[in-house]
Amino acid sequence: MGDTLEFNEIYQEVKGSWNDGRLRFSKQTLVYKNSKTGKVDSIPVHELTQAQWRRVCLGHGLKLSTSTGHIYKYDGFKDTDFEKISEYFKANYKLELTEKDMCVKGWNWGTAKFSEPLLSFEVNDSPAFEIPLSSVSQCATGKNEVTLEFHQNDDTEVSLMEVRFYVPPTPGDEGSDPVEAFAQNVLSKADVIQATGDAVCIFRELQCLTPRGRYDIRIYPTFLHLHGKTFDYKIPYTTVLRLFLLPHKDQRQMFFVISLDPPIKQGQTRYHFLILLFSKEEDINLTLNMNEEEVERRFEGKLNKNMSGSLYEMVSRVMKALVNRKITVPGNFQGHSGAQCITCSYKASSGLLYPLERGFIYVHKPPVHLRFEEIACVNFARGTTTTRSFDFEIETKQGNQYTFSSIEREEYGKLFDFVNAKKLSIKNRGFKEGIKGNDNMYSDSDDEQHDAYLERMKEEGKIREEANGSDISEGESDESFNPGEEDEDIAEEYDSKASASESSGDEGDSDRDRKKKPAKKAKLVKERKPRKKVKKAKDINAPKRPMSAYMLWLNSSRDRIKSEYPGISVTEISKKAGEMWKQLSKEKKEEWDGKAEEAKKEYERAMREYRESGGGSSGISKRERNRKGKNEEKRKKSGGGREKEKERTTGNDSFKSREFISSEESSSESERGKRRKRKKSDDEEDVASTPPSSVESGSD
């Protein structure tokens, strides 16, 4: 057998809630670590006095008693673990692991025994149930009754509020009251906070962020008392998990954070963190309400009777000595501005994210503390509103996700290096590697760089396009892009061509006109209108599509399901049929798949015959007619507009639109030369054929 013995998924009951964790036995200590809170219970081996093995609700359990009066119970062991634990205890702890049976008769009449911190209710010397007295919040007495009230746990679905014990009078004990004796035994070990005695010290008017307000903090030996104008809170030191001392980004203030489990409550609000804000410039002279010998004996040099210094230092020093826990401060992380934190937003509230040596903590609203061991992975995502920031996403092993947004892009390199050094799993690791060495990673340049987030968005876009591709191709609107129609709506330039009456047939004039001809303007393409999806008309005469294997089976089994389950509704039939189809054997499913395949072939054959006989053409011809009608109407409108423009601009037949120029003319120099010669000869013929009447009218 090795030096250590370790068990996973071992449960510890805490105020009605089962918390899982890991239990490890070693030669010096017994250590249990809570997986949810990270709290560690360490039991020295020399303090163990008794070990019991019991059958409990979660299998088998282990109950350990110590010389200091504490009881530890762990459940979730297997039956085969008894031999391993028993041998290990004998070999290393010199302790016998005894088996103890629980009473399962269900009787409510028995004997109440107080053994250190437990109230054990026994029937025939066998324990029926046990109540940890530390879970008792109040104890009230009646004539022959004692009522115990318990602290509530927010993590439990059902909570035990109170238990009442009937204590019968004893004829022999006339001088003492058994009810009061029972209550005193409970109160001596119960977790009932009573502000008795003087406070060790008092801090006046401290600024508290959660719960918000200014409070007087009274430090008692066993609990912390927050006294405000409206509310009072009493916090036992046993509920303090961790202490944090965090510098503000402005370097002028300090946060002192106290993590609590269970949290303090005010109505339905739960405060898991107590956050105090201090100014670095505020000093205090503190005197403890104890003599020097008592201070030295109790705090062993951690505190002095008279102390002076910054207010935040005094508060943190006193809390560290009384709670007996270390104070966590930021590690070696430094952001772009040199601060040990990062400005970000969480749930629409701005705050500060502190990367610690073993986790992250966000202050202040709402406070969040995430340990590295409970983080599954992290992700760097592009900001949703601007490219000058990014989001930092943390996903825990329990499936919860925390998104810290609006982080400046300059902080990316520092944060990525920190996460990478802590060996946390990064989802989009390629995003960093693709831009390594480029500080301006969110610039608006067109340089191509690998972006994992952008690639993911492109892939999702491709999937959506492929899903909608068939519908778009079948349902194109009549206004789809048509190059021939687009050219008709483009603004055109008009050519100036000399007429027979104004032209002298001079070749030089023709050359000048050609030179004055303006250059051809670039075509202006109209912005395309978004395509409209046109629902394809259903052909009622076409053969019906074949049914799937499941639908064929359902139609044949529907009557059988109704007979087996009379009165079943339509929706319940579908639900029941789905369950039956899942349980159907592979051979049966293959049989129905074959029938579905035959139905599909029959449908394809019928559809082919239907198309050959001319079916399905009416819908197509109607769509074509609509398209041709719209195009014709568009041509008429554009043609009428050009005729009006021509009449307004020219007023006679001297100028002709480009559309009347022969399409056979070429743009080459040889073709232009031939055109000039042909035009010159035509002009001479026109002069020669002028009638005499026109010449005479001109001489008059």
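The model is a predicted one, in which local features need pLDDT of at least 70, side-chain atom pairs count only at pLDDT 80 or more, and totals for chains, interfaces and linings use all residues. Residues are numbered from 1 along each chain as its sequence is written, and side-chain values use heavy atoms, with hydrogens and water left out.

Let's start with the backbone. Most residues other than glycine have a negative phi, and most peptide bonds are trans.

Helices (H or I, at least four residues) and strands (E, at least two) are DSSP runs, numbered from the N terminus.

Next come positive phi values. Lys94 has a phi near 55° and sits in the loop between helix H1 (81-93) and strand E8 (97-100). Its relative accessible area is 69%, so Lys94 is exposed. Gln251 has a phi near 65° and belongs to the loop between strand E19 (240-247) and E20. With a relative accessible area of 43%, Gln251 is partly exposed. Here buried means under 20% relative accessible area, exposed over 50%, and partly exposed in between (1.4 Å probe, protein chains only).
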